[in-house]
Amino acid sequence: MYHIIKWQSNAKSPQGTAIKAPREPETMKVILTENIKGLGQIGEAIEVKNGYARNFLMPRRLAILATAENLKQIGELKKQKTLAVQQEIEKMKEVAGKLKNYRLIIETKTGEKENLYAAITSKKIGESLKERGIDINSNYIETFNQIKKTGVHQALFKYYDIEMNFEVEVVRI
């Protein structure tokens, strides 16, 4: 024979109900040390869930805990990051100037009907540009459609508001 026993807490409130232990707040205030799309800019103090801050933002050094001391330190960090971003923008404007009316020629193996064995990706375009002295991260290169055949194709260099179209010509080896 089985007996069902209900768990009863010894701690009771004056009304006779069980007292619950106080819970930890579910959000915490952090200061962003990087620009994070959809979350905020450098130096912003924002409220996020505890787990998101402890398990993602803080280990990756994307945010620090919002204290009075950290708020003072973030001002200097903000100035450094702004300067670095301005330098990066100037560099990308120079790259965009080099790409104006530029035609990149990529030689590759093809099949009988001028079909490529492997599509030309933005990564391959970025590597080819680096070989020719134009240093671009392939994340800033977009193709309008997949390049799977020989011929002239359009590509776009896009870095924030800086955009420049250029041509990619794929030829048979």
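Guide: Let's start with a term: rings of Phe, Tyr and Trp count as a pair if their centres lie within 6.5 Å. Keep in mind that this is a predicted model.

Visitor: How many aromatic pairs does the structure hold?

Guide: There are 3 aromatic pairs here. One of them joins Y140 and Y159, with 4.8 Å centre to centre and 80° between the planes.

Visitor: How do I read those two values?

Guide: A pair of aromatic rings is described by how far apart the centres are and by the angle of the planes. Planes over 60 degrees apart count as edge-to-face, and Y140 with Y159 is such a pair.

Visitor: Where in the chain do Y140 and Y159 sit?

Guide: Y140 is in the loop between α3 and β6, while Y159 is in strand β8, so the pair links distant parts of the chain, 19 residues apart.

Visitor: Is Y159 buried or exposed?

Guide: Y159 is buried, because its relative accessible area is 7% and the cut-off is under 20%. Y140, at 23%, counts as partly exposed. Y159 also makes an edge-to-face pair with Y160, at 4.9 Å and 85°. Y160 itself is exposed, at 62%.

Visitor: Now for strands. Which side chains of β4 point to one face and are buried?

Guide: The general idea is that side chains in a regular strand alternate between the two faces of the sheet. In β4, L104, I106 and T108 are on the buried face.

Visitor: Which strand does β4 pair with over 6 bridges?

Guide: That's β9, in the parallel sense. Within β9, V171 is the bridge partner of E107.

Definitions and conventions. Residues numbered from 1 in each chain as written. Predicted model: local features only at pLDDT ≥ 70, side-chain atom pairs only at ≥ 80, totals over all residues. Heavy atoms only, no water. Phe/Tyr/Trp six-rings, centres within 6.5 Å; stacked < 30°, edge-to-face > 60°. Helix = DSSP H or I, 4+ residues; strand = E, 2+ residues; numbered from the N terminus. Buried < 20%, exposed > 50% of the residue type's maximum accessible area, 1.4 Å probe, protein only. Pairing = 2+ DSSP bridges.
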